Amino acid sequence: MPADPPVTPDPLPAPDPQAAQDRLAVGRLAATVERLRGEVRAAHAAAEGRALVELAKGVIVERLGCGPAQAARQLAELAAQAGLSQLELAADIINQAARDRVAEVAGEFVRTTVGEPGAPGPVAPSGASVAVRLRTAESAALSAGDTQSVAESLLAHALEPLGAVAVAIWTTGPDASLSLRGHAGFGSDEAARWHYVPPGVTTAARQALTGRRTVWYPSLAAAGIPSIGRARHPDGGRVVVPAGTGGRIHGVLEICWARPLDPQPQAVERQIEALAELCAHTLEALPAQAVPAPPLVPAGDGPLELAELSEGLYDPALVLTPHLDEAGRLADFRIRHANAHFQDPAGRPRSAVDGALLLEAYPATAGESELFERIERVYATGEPFRSRRTRLTALVDQVPLSSLADISISRHGGSVLLIWRVEDESARLASLLQHAQRLGRFGAFEEDLLTGDITWNGQLFDLFGRQRTEPPVSLRDLAAHAHPDDADTIRRFLHSVLHQRRAGSAAFRLLRRDGVTRHIRVIAEPALGADDGLQAVRGAYQDISAQHWTEVALTATRDRLAATEEEAAERNRLTLQLQHAIMPPVKPPLDAPGLDVAVRYRPAESESLVGGDWYDAVVLPSKKVLLCVGDVAGHGIEAATGMVVLRNALRGLAVTGAGPGQLLSWLNSVAHHLTAQVTATAVCGIFDPESRTLRWARAGHLPPVLVRGSEAADLPLLSGMLLGALAETEYEEAEIRLQPRDTVLMYTDGLVERRDTSVHDSVAQLLATARMPAESLERRLDLMLARSKSDTDDDTCLVGVQMT
């Protein structure tokens, strides 16, 4: 197989001399730009360093009383002796002379970092000490002409050595909005998108503004809060510090790190707070720079013009200005003006209140409804506060109804305007009366009998179905608008009010023009003049239609209830008569040789719960004895008639001589086919006196109890479905030979049932009672009924058989 021909590689393209020359030119230009930037930064650093040196020379001139040239020589000699640069020594001299926040922070940083007093300060990565960096940043910020330069200086001199990569300076508007006034480290596009944050938008800067505290975010993304530069540094840490002086927040300083922020030492925290305070001073000194001016800001002397404005208000108002302590912190507010509508609760004149401190004049403002805190918050953030129906007893009379007020607090320039409108008691009562009339569906009227003028309120026009432009209905014309059958009632009412001059009332049916009939009650009283003459009638109409129809329905319900109660009582009476006629509570003794039989029947205590419990003890033609108990489901006449059917059917079937199992099978067919949905339980026994044996079967019933000597036990639980459940079923039989003095007890569940006890526990209690000695069978049955703890209020049947 021939070998593949060799592959010849494509020839390399020839180098393009023009492209290489272009790349070389671009590289040279980039190097030139970078060199020029470095020279600019070096020039700025040199200028800022010279500013610190010149400031230190000024301190030496003031302290030593020498000239500038001698001060320069003195600075150079001292720096050489201390082994420091003139810039570092200048920063130390300024710190000693200023004794301000920057000096305090720099000294603390030295102590916490080095740990030895007098040791040289720590050197940042840029080679400058903390004091030099802070003083350089301060000098650059104070000499800057705009906030943008301040942000760049803070990042370059003070924040980059801490690892920060960007900084933003926000200013607050009168509506708590945020405007980006300066930034460094963020792109211009990012800054353009974040130039304004409307009020109510939650950002990192707003969290610090509303909370008035420094907020540290180890990771801004983990906090889930948007802010400038989050897309560029999603996992970076943030520190947001309110920048304020004298209790007023002028802006917010936001510092960004590229990576998650670890916990910082306290010295770094205080350094950042000092930088925020420096921002506050610069923001306070720099012009507004296109930040919208708040409404009502006075152009000249703020408090005076605000005082003039408050005099035009119809509500009480106070003009407040901040009062600072020796450390420059907000301690109180001074009352610059109280307008003419203000009334001091203590009765002091307004001249005594003007100029006083708020907490000294009204101490209750510190605790009541957090009023002082609200004022302090509004002054700090500029966000106005509005509240309706707030309890305000510190500035008004402490009357329950007059202490509720609508409060408005707003900041205007460097002052705070506090306005409140006390809820008028008469207006509130009038509003309550109007609501009461609407809810009660009544309207008031007044009729002047001398002039014929009639006054109705709006609710009354609605009751009569008339337009408010139509004339009201006079009392004398009332009968024309009522049902004809009520004319006499209205006539007697008018005679009592107009002629007998007594207050009266009447109920009538109002026939409105829209065809609606309303049941109305009118109440009126005469108004007499000075000569005891009848001048006017005042009163009210009330719509009682709902009440009338409720009374009609209630009367009909009562009538039906009474008829139902009578019918139920009659049914119960007939049921009891039927039950007692068939099964008397005490049965005469049964004439059976060698056998003593006794029965007890206890009807239900409530006549409405007459049940279907039944028993029977009869001597059959074969001289055998039929013993049985049963319980028909349900109560009332239906249960009683069902009991009669089953009892009589079992008597007739027992004549055939069949055993108890067969008898219950036939009785089940009777219950299922020949009755109207009757179900029952039963125990049937046939006692043979000759063999002294008892054959028995059960249909869903509790088994009999055998008492032999001092022992009592249940007979076996034979299988057997309750009567009437199925069309055909079989029942198991059992036989027991009785010994002399043996006793067999058959009973219904009314003897043992309890709502709070299981059947097993109730039967155990029954067996314990059956074991108790008794003089006779009759005494034993009475004892068992007396000790029965049943609480279901059901019938109880108990049959006892004792061998002699």
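Arg386 has Ser408 in β10 as its bridge partner. Strands β9 and β10 pair in the antiparallel sense over five bridges, where strands are DSSP runs (E, at least two residues) and helices are DSSP runs (H or I, at least four residues), both numbered from the N terminus, and where two strands pair if DSSP finds at least two bridges between them. This is a predicted model, in which local features need pLDDT of at least 70 and side-chain atom pairs count only at pLDDT 80 or more, while totals for chains, interfaces and linings use all residues. Residues are numbered from 1 along each chain as its sequence is written, and side-chain values use heavy atoms, with hydrogens and water left out.

The sheet to which these strands belong is open and has five strands in the order β8-β7-β11-β10-β9, with antiparallel pairing. Because β8 (330-338) and β9 (385-391) stand at the edges with a single partner strand each, one side of each is left without a neighbour in the sheet. On average, and with direction ignored, neighbouring strands of this sheet are turned by 25° against each other. In general, the strands of a sheet pair through backbone hydrogen bonds, either parallel or antiparallel.

Within this sheet, strand β11 (residues 415-422) is mostly covered, with six of its eight residues buried; buried means under 20% relative accessible area, exposed means over 50%, and partly exposed lies in between, for a 1.4 Å probe and protein chains only. Strand β10 (residues 404-412) runs antiparallel to β11 and is joined to it by eight bridges, and the bridge partner of Asp406 in β11 is Arg421. β10 and β11 form a hairpin with two residues between them, and in the turn Gly413 has a positive phi of about 65°. Strand β7 (residues 317-324) is also antiparallel to β11, to which four bridges join it, and here Ala317 stands opposite Ile419. Helix α14 (residues 371-381) lies across β7, β8, β9, β10 and β11 and runs at about 25° to β10; axes are lines fitted to C-alpha atoms, for helices over the stretch in contact, and angles run from 0 to 180 degrees between N-to-C directions.

Another open sheet has six strands, in the order β3-β2-β1-β6-β5-β4, and its pairing is antiparallel. Its edge strands are β3 (196-197) and β4 (215-217), each of which pairs on one side only. Three bridges join β4 to the antiparallel strand β5 (residues 238-245), with Val215 opposite Val240 in β5. Helix α8 (residues 204-211) packs on this sheet, touching β1 (164-172), β2 (178-184), β3, β4, β5 and β6 (248-257), and its direction makes about 145° with that of β6; contact means heavy atoms within 4.5 Å. The buried residues of α8 are Ala204, Ala205, Arg206, Ala208 and Leu209, and just after α8, Arg212 takes a positive phi of about 55°.

How do helix α19 (residues 637-654) and helix α20 (residues 660-673) cross? Their axes come within 10 Å and cross at roughly 140°, and α19 passes α20 in a right-handed crossing. The contact is made by Val645, Leu646, Ala649, Leu650, Leu653 and Ala654 of α19 and by Leu663, Trp666, Leu667, Val670 and Ala671 of α20, and these residues divide into eleven nonpolar, no polar and no charged.

Helix α21 (residues 759-770) and helix α22 (residues 777-786) pack at an angle of about 145°, with their axes 10 Å apart. Their contact is made by Leu766, Thr769 and Ala770 of α21 and by Arg780, Leu783 and Met784 of α22. Ser762, which lies in α21, is buried, with a relative accessible area of 6%, and touches Val752, Arg754 and Thr757, not counting residues up to four places away in sequence.

Over the protein chain, the secondary structure comes to 22 helices and 26 strands, and 44% of the 804 residues count as buried.

Methods. Left-handed = near helix turned anticlockwise from the far one by under 90°. Nonpolar A, V, L, I, M, F, W, Y, C, P; charged D, E, K, R; others polar.
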